[in-house]
Amino acid sequence: MPDGLFIFFAALTLGAALLLVLSRNAVTSAMGMILALVGVAADFFLLDAYFLGVLQVLVYAGAVMVLFLFIIMLLDTEDATGAYPWKTAALGLATFFLLAAGVLWLFHWSGAVSPVKAGATPPELSVNPAEFVTAAKAFGRLLYTKYLLPLEIAGFLLLVALVGVVSLSKDNPETNA
Amino acid sequence: MPSDLSSLVHWILFLPLGAAVLSALFLRRAGGLAAWLSTGVAFAIAGLSLKLLTSATADVTWHVELAKFGGVSLGFGYLIDANARLMLFVVSFVAAWIHLFSVGYMKEDSARGRFFAGLSIFMFSILGIVVADNLLMTFIYWELVGFSSYMLIAHYFDKDYAAAASKKAFIVNRVGDLGFILGIAMCLSLYGTLDFAALKDHAAAAKTIPVAVGALLMCGFLGKSAQFPLHVWLTDAMAGPTPVSALIHAATMVAAGVYFMARVSFLLAPQVLDFIAISGAGMAALAGLCALAQTDIKKSLAYSTLAHLGIMGCAIGLGHPELALMHMAMHAFFKATLFLGAGSVIHGCHHEQDMLKMGGLLKKMPLTAATFIAATLSNCAVPFLAGWYSKDAIIEAAYHGDHIAIFAFLSLAALATCLYSGRMIRLVFLGEANSEEASHAHESPWTMTLPLVVLGLVYSVAGGFLAHTIIPAGSLKPIEHALGEVAFHLAAPSTIVGLLSLVIGFFGALKFYGTVRGADALQVVSPRTYHLLEHRWMDGLYRWYVDSVQRRVSEFIAFLDLLIINGVAVRWIGGGVPAVLGYLTGRSFHRGQTRAYALWIVLGSLFLAWFLIAR
Amino acid sequence: MENTSLAHHLILAGLLFVLGLTGVLMRRNLLVVYMCLELMLAAATLALVAFSRFNRTMDGAVLVFFVITVAAAEVAVGLALIVALFRKRGTVQSDALTTLRD
């Protein structure tokens, strides 16, 4: 029987995600998304990944979703009017259940993926698996030794994204940018 | 010793290829350089061939296998027997002097580089045919020679006539080559090999040889050597520059067919030989008469070539391939001289080719005239000149073999030869000048007259003597043997025929054609006969066939193609399947709705996941 | 916490993923579609962290770190594109953007 905390946060996450998918108002969807991300961050905490949890709240739920909200407000999309389309929502939920059943069957009940016992290290893991520690310091050390190259490349990627966004957003009257 | 000589052959074969490549790639603009390069190479090959001729006492062979399919081996190699050695020398020697002549003749031509590259590639091709030791290699070089000829005839490609003539030559040759390749296929299926030596053994062992083999291989000979019915291209090929006509269409390429027939003479059934003999003799007589109705000097010589090719074919048909080769060698010398002389005359008269507008050139161009007359006399088989040895031997062979009809035709041919020769001499060199250009004619430069002297005087006159001294005894055994079989004495029928033709024909023509000035005497006296001889009957026949029969058939086939292949196969099947599937895939899928695309992506990846993981 | 097995976390991740997928398929507002896409990504990171935890290794967690970084960059660029699209077309309803047709 899974932990109470886990069930609570799982329910929160799923509910928020449902709000995201089913609400007609874009801002309501954004709120739902933030809540879902907070729920995921909570699950990270439950999995002893504290650093990542904090990161998730700060970066994802914080910066990224705020950006989303800004854009929603900028584009000023009108809300859909009229009665709520229950039929479409039901169709959507049906699709969801179908897909969910498919995914669950594929990964849990079909036996193609075997369950792993807690604490066991699979033999065919990477050459030099990093030891499991929860401290942020250790995390940082890992980043700067074993994963230095991806770190540098990620920095470069952020630079490129920055340049790309600035050039895409240039408000140039002659060219329809 | 044999290995030394086979390396000689490598040089002989590949030097001109090198010259051609160099000229084509780098020397297109530097025409003069290309000219001297080709000429130098040609003389080098001539020297090497002479060395080969004088030092080889046995067959020289060399072979490398290129591919093996099943039990059949295809390779590249040389078989230099007596025939090959003689032919190598004749071809390269005549070609060398023609190259020298071209240097002077083509001096003002801006496309000299291309011309000499063409000459060099032609040398490579013809020498390849001579040295080849199997049918496939012969065929490949056969086609190369056809290509070189096409390229060179169309040297003045901006003239429609020249371009059309080169196409005609190539296409008519192609028709013959169809038979050739069928013959090769048949050889392969019957005997399992394409090697000449091996085929010879097979043929000796077999009781009878199927007629079809010889008949099909003969088709190539008909095309290349302009025999009936594929002779129509040779006169039009005169549209090329005169050296081309001299080299290709008089001395070497057309003789390649004769050489080939001699090479595979053991595969020719008696019926095939009979056909060749009769058609050759007939062509000899007919062409000789037609030469009387041509006013263009080159066309007249072309008909003369046709006549001589007929004589060569006849010799093969009579079962004496060595005599044919011997005549081919002699003919190469004096015909080349005649063509070069014509070139010199044309050059001197500022590109005037009509004989009726010439005249009195004996005084103005003495050297050209002397060599031309010497070669003509050789043509007429005046005793002890080169042409006499070979031509009379053939007439003699016909008589001794009791082939009366052939003997008659050949006699008629001899008479005709003397007639048109006399006519030519009279119109061109004797009498008074008939035009402005002729009266201002001057002798040609040394590059043009030296070849004339060498080829004309030296070899037409002294060929026989020289041959005996420099060629090792017994190395050209088959030819000497054949000559020995046919004995000469003054009372022999061939000599009688020859002398009669000379007196009646030659001197008669000299007199007759002097009677009318500025026009053809025969045309004046008997226009009906003239028209009969002048009209291109065979071409008319082909024209009718193409227009009435071939065009109808091809239009019908085109209609079928449009209806069945285009209509049914392409439109229905090619259009129907997409139309049916398109209803499912085209219309509904590609409406541009991104959500639908997303759905398909999802479904596709689910399928993929199932496929990879759960299966 | 040992009561919660790996399977539970994975099921949660899977359900979130499928929910996001449904949103992508069903919604017409491009911005909401994009958010659902990000939800799918978040579900994947959840699965990664779960595996990392239960295999006693940090490699999965570090990968998640990079995934978050890349996702942030991607969202920035994607939103810039949507803004540009809105400026050109005046709408972000995917039904109106059908010029990719046959």
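This is a predicted model: local features need pLDDT of at least 70, side-chain atom pairs count only at pLDDT 80 or more; totals for chains, interfaces and linings use all residues.
Strand β1 (residues 60-69) and strand β2 (residues 72-80) of chain B run antiparallel to each other and are joined by nine bridges; strands count as paired if DSSP finds at least two bridges between them. Across the pair, B:Glu65 stands opposite B:Gly75 in β2(B).

A word on bookkeeping. Residues are numbered from 1 along each chain as its sequence is written, and chains are lettered from A and ligands numbered from 1 in the order in which they are written. Local features need pLDDT of at least 70 and side-chain atom pairs pLDDT 80 or more, while totals for chains, interfaces and linings use all residues, and side-chain values rest on heavy atoms, with hydrogens and water left out.

Staying in chain B, have a look at the aromatics. B:Phe14, B:Trp62, B:Phe76, B:Tyr78, B:Phe124 and B:Tyr141 form one aromatic cluster. Rings of Phe, Tyr and Trp (its six-membered ring) pair if their centres lie within 6.5 Å, and planes under 30 degrees apart count as stacked, over 60 as edge-to-face and the rest as tilted. B:Tyr141 from that cluster also turns up among the contacts (heavy atoms within 4.5 Å) of B:Ser125, together with B:Leu144, B:Val145 and B:Ser148, if you set aside neighbours within four places in sequence. B:Ser125 belongs to helix α4 (residues 112-131) of chain B. Is B:Ser125 buried or exposed? It is buried, at 0% relative accessibility; the cut-offs are under 20% relative accessible area for buried, over 50% for exposed and partly exposed in between (1.4 Å probe, protein chains only).

How many aromatic pairs are there over all chains? The count comes to 27. One of them is A:Phe68 with C:Tyr34, an edge-to-face pair at 5.6 Å centre to centre and 70° between the planes. This pair crosses between chains, from helix α3 (residues 50-75) of chain A to helix α2 (residues 30-54) of chain C. A:Phe68 is buried at 0% relative accessibility, and C:Tyr34 is buried at 10%. Back in chain B, the rings of B:Phe180 and B:Phe260 have centres 4.9 Å apart and planes at 35°, so this pair is tilted. B:Phe180 is in helix α6 (residues 160-191) and B:Phe260 in helix α11 (residues 253-263), so the pair ties together parts that are 80 residues apart in sequence. B:Phe180 and B:Phe260 are both buried.

Now for chain C, which has three helices and zero strands. Of its 102 residues, 63% are buried. Against chain A, the contact takes 65 residues from chain C and 84 residues from chain A. The buried area between them is about 6,600 Å², with carbon and sulfur atoms giving 80%; that is the accessible area (1.4 Å probe) that two parts lose on being put together, summed over both. C:Leu19, C:Met35 and C:Met58 supply 11% of what chain C buries against chain A, more than any other three residues.

Finally, the cysteines. There are zero disulfides over all chains, a disulfide being a pair of cysteine sulfur atoms within 2.5 Å. B:Cys290 is buried at 13% relative accessible area, and B:Cys314 is buried at 0%.

Definitions and conventions:
Helices (H or I, at least four residues) and strands (E, at least two) are DSSP runs, numbered from the N terminus.
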